[in-house]
Amino acid sequence: MSPGYDISIPHFYCLEYREGGRVMLFEIDFRDPVIYLDETLITAWEAPFSTERISPEAKKRILANIYDYLASQRGFKVNLS
Amino acid sequence: MFGFSKIRSWQSWVLLVALAFLAMTPLQAASAAELPAAQASFATNQEALDYYMDLVEKLDVTTAMGKSVFYSGLGNRKLAEQFAAAEDKTTLEMTPGGRYLDDLKLFEKDSPLKPEQAVRVWSRLSQRYAEQSAGDVFCFVAGARPTGVFTTVELPELKKNIKIGVIYNVSRL
């Protein structure tokens, strides 16, 4: 069953998050031994949804999905705050 | 007579430089051609790590004097890349070796390396990038984490590199 989102790491400094036809790019330095996730990383969807407001609940869900992917599925050391 | 010798001497230098350049060019092309086009398959993660740790020593991350740009921290990649493009400078992934390693996507799901192993490979390439840097360097590192690769690997390497001039901490363009 699909989790409803898709994540890829196309660059050592970028995580790409896809959900419901939208794309969000995160600046994360994967060279670091520990990855820190918090809401400041969430800025906006990529165009054409860049003006769309992202609710606090959506931010929490997105961060939780990324944490699950990186920490639980992939084995990265992740600090979620 | 003196003038002619001077001209001859000047011409000899030009010729020597041209010959040196021509002699070096095929070697560089050959070393680039020796790099594998795609990821090989490995029996174990350790075998893959050994392979990539060896490979990373061969990748070309050289930059000219005063051309190296570093970045770390939220929002700094874009700033550093804009600065590098505008000022004819270079970030790690703009070097042939950085680009090559980036294209391998070692942090992706199908990578032959575990995440901590990919971190080791990238950390070593970052260290080599700092090691070879010379002259003034430009660092976009506002908000860089104390445990991050810039603070723990690149900056210490820059500080002990006697070829380095000034380490500029650039917070904005």
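Colleague: Which residue is the bridge partner of Ile7(A) in β2(A)?

Modeller: Tyr17(A) is the bridge partner of Ile7(A). Two strands pair if DSSP finds at least two bridges between them. Strands are DSSP runs of E with at least two residues, helices are runs of H or I with at least four, and both are numbered from the N terminus. β1(A) and β2(A) pair over four bridges, in the antiparallel sense. A hairpin of two residues joins β1(A) to β2(A).

Colleague: What should I know about the model and its numbering?

Modeller: The model is predicted: local features need pLDDT of at least 70, side-chain atom pairs count only at pLDDT 80 or more, and totals for chains, interfaces and linings use all residues. Residues are numbered from 1 along each chain as its sequence is written, while chains are lettered from A and ligands numbered from 1 in the order in which they are written.

Colleague: How many bridges join β2 to β3 in chain A?

Modeller: Six bridges link β2 (residues 14-19) to β3(A), and the two run antiparallel. Glu19(A) stands opposite Arg22(A) in β3(A). The open sheet has three strands in the order β1-β2-β3 (chain A), with antiparallel pairing. Its edge strands are β1 (6-11) and β3 (22-27) of chain A, each pairing on one side only.

Colleague: Which elements does chain A have?

Modeller: Chain A has one helix and five strands. From the N terminus, they run β-β-β-β-α-β.

Colleague: How much of chain A is buried?

Modeller: A residue is buried if 20 or more other C-beta atoms, placed from the backbone, lie within 10 Å of its own C-beta. In chain A, 26% of the 81 residues count as buried. In chain B, 31% of the 173 residues do.

Colleague: And which elements make up chain B?

Modeller: Chain B has six helices and four strands. Along the sequence, the pattern is α-α-β-α-β-α-α-β-α-β.

Terms used
A residue is buried if 20 or more other C-beta atoms lie within 10 Å of its own, exposed if 12 or fewer, and partly exposed in between; C-beta atoms are placed from the backbone.
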